[in-house]
Amino acid sequence: MNSIKTITAVSRATDPFIASQELYQQLNQDNITFVLFYCSSTYQLNSLATSMNNAFKDIDIVGCTTAGEVTNKGYEQHSIVAIGFSSHYFAISAALVESMKKFDTINAQSTVNDLVEQCQTKNLTTINSNSFLLTLLDGLSSDEEQFLVTLNAAARGTPHFGGSAGDDIVLGKTHVYYQGRFYQNAAIVIMVTTLLSFEVFNCHHIKQPTEKLVVTAADADSRTVYELNAEPAALEYAKLLNMDIKDLSPKVFSLNPLAVKVGGQYYIRSIQKVNEENLSLTFYCAVDIGIVLSAVDMGDIYAPVIQKLSEIEERRGKSELVLVCDCFLRRLEIEQKSLEKQGQMLNAQYNIVGFNTYGEHINGIHLNQTFTGVYIAGGMDE
């Protein structure tokens, strides 16, 4: 059997046509039948859509815009990273959901059934226990939570992870790409069936909770918190940090997250922005009146990742690819603390590739400030 299982390509060319050609040349192998890509939103997206479609005209290709790209050499920006999957080891099907808002139980079941059927027709291996789902969602939609819950119910235990598209921290428009076009307010669901051993995982570096803040006024639809502890939300958050409200920024949010406790576990609810007109806070994740947000102390950002990957390596063997959705706020923390070198070594060791997200998905849950992905082991060449 052909020993190539996956190939990773990176282009830093700013011209969409040149970037697409560079990626195609790097991925051009007989058995590469599916390509997944993550691109900076700084590209002219209509031109990039046409160029990618033309370059990969006989290959299924999906992707999304990012808040930064992740390669096996470390973080990138204003680039495109793409991964090609060999049909000798992977049967992959993808579906576009054009409206996340209208995605109901019937749509979810139909989507999953179609994906299963497409993977089965490739006659690679049995679907059960050999498959996982990957989701790419519009990262500025407020329908992510409901979409993921609905999909998870239809997935019937199939392991699932994913990431929400970014736009280089502009917070304007985020896009997913499916077969020649970029879409907003949309989602892509990908089923991957493989002969290789794999494990879906997630980890964060919350050490312990400190002070508690109660959401006393909020709009769940827009993920906006107007009051914390009956005070203007941004003022109360700034007071917690002993900061002036004008100094609040994504860099501050990355180092001082808030978390909610669900089922004994803390999950981060990251702040997106301060709304100056009413001193409210908009979040990247679901928030509502009555929930308790805890300020949390954060530990070593790399320690949980190193532990998680080494444990999986012991169980599964050496990695072929670790495909990740890594919150852009983690990246901001790493950059502020000048920890990039350690990340570069880790990415090279495990062949970590992916993108910086506006939210992470794991088995139906929408998260922030986590490191989420799938570890695909190399297996034995035949």
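## Helices 3 and 4

Helix 3 (residues 105–121) packs against helix 4 at an angle of about 50°, and their axes are 8 Å apart. Axes here are lines fitted to C-alpha atoms, for helices over the stretch in contact, with angles running from 0 to 180 degrees between N-to-C directions. Helices (H or I, at least four residues) and strands (E, at least two) are DSSP runs, numbered from the N terminus. Helix 3 and helix 4 are therefore oblique to each other; angles under 35 degrees count as roughly parallel, over 145 as roughly antiparallel, 65 to 115 as roughly perpendicular and the rest as oblique. The crossing of helix 3 past helix 4 is right-handed. A crossing is right-handed if the near helix is turned clockwise from the far one by less than a right angle, and left-handed if anticlockwise.

On the helix 3 side, the contact is made by T105, A108, Q109 and V112, and on the helix 4 side by T150, L151, A154 and A155. Contact means heavy atoms within 4.5 Å. By class, this contact has five nonpolar, three polar and no charged residues. Ala, Val, Leu, Ile, Met, Phe, Trp, Tyr, Cys and Pro count as nonpolar, Asp, Glu, Lys and Arg as charged, and the others, Gly among them, as polar.

T150 has its place in helix 4. T150 counts as buried because its relative accessibility is 10%; buried means under 20% relative accessible area, exposed over 50%, partly exposed in between (1.4 Å probe, protein chains only). Leaving aside neighbours within four places in sequence, T150 is in contact with F103, D104, T105 and A108.

## Basis of the model

This is a predicted model in which local features need pLDDT of at least 70 and side-chain atom pairs count only at pLDDT 80 or more, while totals for chains, interfaces and linings use all residues. Residues are numbered from 1 along each chain as its sequence is written, and side-chain values use heavy atoms, with hydrogens and water left out.

## Overall fold

The protein chain holds nine helices and 26 strands. For 382 residues, a compact globule would have a radius of gyration near 21 Å, and the 20 Å of the protein chain agrees with that. The radius of gyration is taken over C-alpha atoms, and the globule rule is 2.2 Å times the number of residues to the power 0.38. Taken along the principal axes, the C-alpha atoms fill a box of roughly 65 × 45 × 40 Å.

Of the 382 residues, 57% count as buried. Among contacts between residues at least 6 apart in sequence, 82% join residues at least 24 apart.

## Helices 7 and 9

The axes of helix 7 (residues 303–316) and helix 9 (residues 340–350) come within 12 Å and cross at roughly 15°. That makes helix 7 roughly parallel to helix 9. The crossing of these two helices is left-handed. Helix 7 contributes V305, I306, L309, S310 and E313 to the contact, and helix 9 contributes Q342, L346 and Y350. The classes in this contact are five nonpolar, two polar and one charged residues.

N347 also lies in helix 9. With 9% relative accessibility, N347 counts as buried. Not counting residues up to four places away in sequence, N347 touches V70, T71, N72, G74 and I352.

S51 lies in helix 2 (residues 45–55). S51 is buried, with a relative accessible area of 9%. The C-alpha atoms of S51 and F17 are separated by 5.2 Å, although the two residues are 34 residues apart along the chain. With residues up to four places away in sequence not counted, S51 touches P16, F17 and S20.

Six of the eight residues of helix 5 (residues 233–240) are buried, so helix 5 is largely enclosed by the rest of the structure. The buried residues are A233, A234, E236, Y237, A238 and L240. Just after helix 5, N242 takes a positive phi of about 55°.

## Positive phi in loops

R156 has a phi near 50°, a positive value in a residue other than glycine. R156 is placed in the loop between helix 4 (144–155) and strand 9 (160–164). R156 is exposed, with a relative accessible area of 60%.

A230, also a residue other than glycine, has a positive phi near 65°. The loop that holds A230 runs between strand 15 (224–228) and strand 16 (231–232).
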